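Reader: I have a chain open here and would like to go through it. Can we take it piece by piece?

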Amino acid sequence: MIKHVSIFFLKDENKEENKKSLVKMLEQFEGKLENITEYQVGSDCMKRPPKGLPGVPEFGDVMQLIGFKNEADASSYAMLPAHVELMKLSESMIERVVAIDIQ
């Protein structure tokens, strides 16, 4: 099994509103994407510590966890029409995305 984790960092403008909008958009794709075995979406729910403290990581705004049964399914995900559509719909609110794939 491959797990794909994406952490979305949103632009500061309308951040709280955009956080809710992005979570809603991501949730709409649950069950509509091919070859997905697990799907979870959530937004940052904790008060962040002050920036600049030693050892404090950078916190994202929204997280998406997707499970695939194998590497081939995970590799094909980026070009799925639903994924491409999602990226077009959300690009105006996203500053950057960090992702990792693990087994």
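Reader: How many helices and strands are there in the chain?
Author: This is a predicted model. The chain has three helices and four strands.

Reader: What order do the elements run in, from the N terminus on?
Author: The order is β-α-β-β-α-α-β.

Reader: And what does the C-alpha trace span along its principal axes?
Author: About 40 × 30 × 20 Å.

Reader: Now the helices. At what angle do α1 and α3 pack?
Author: Helix α1, residues 15–28, and helix α3, residues 81–90, pack at about 170°. Their axes are 11 Å apart.

Reader: Why give both an angle and a distance?
Author: Because two packed helices are described by the angle between their axes and by how far apart those axes are.

Reader: So is α1 roughly parallel or antiparallel to α3?
Author: Roughly antiparallel, because the angle is over 145 degrees. The crossing of the two helices is right-handed.

Reader: Which residues make the contact?
Author: From α1, Leu22, Met25 and Leu26; from α3, Leu86, Leu89 and Ser90. By class, five of the contact residues are nonpolar and one is polar, with no charged ones.

Reader: Different topic. How much space lies in the largest pocket?
Author: About 350 Å³.

Reader: What lines the largest pocket?
Author: Its lining has 17 residues. Phe9, Arg48, Lys51, Glu58 and Phe59 lie nearest the centre of the pocket.

Reader: Which strands supply at least two residues each to that lining?
Author: β1, residues 2–10, and β4, residues 94–102, each do.

Reader: How do the lining residues divide into nonpolar, polar and charged?
Author: Eight are nonpolar, one is polar and eight are charged. The contact of α1 with α3, for its part, has no charged residues.

Conventions. Residues numbered from 1 in each chain as written. Predicted model: local features only at pLDDT ≥ 70, side-chain atom pairs only at ≥ 80, totals over all residues. Heavy atoms only, no water. Axes fitted to C-alpha atoms, helices over the stretch in contact; angles between N-to-C directions. Parallel < 35°, antiparallel > 145°, perpendicular 65-115°, else oblique. Left-handed = near helix turned anticlockwise from the far one by under 90°. Contact = heavy atoms within 4.5 Å. Nonpolar A, V, L, I, M, F, W, Y, C, P; charged D, E, K, R; others polar. 1 Å grid on protein atoms, 1.4 Å probe; cavity = no way out; pocket = protein on both sides within 12 Å on 5 of 7 lines; lining within 4 Å. Points joined across faces, edges and corners; volume = space filled by probe spheres on them.
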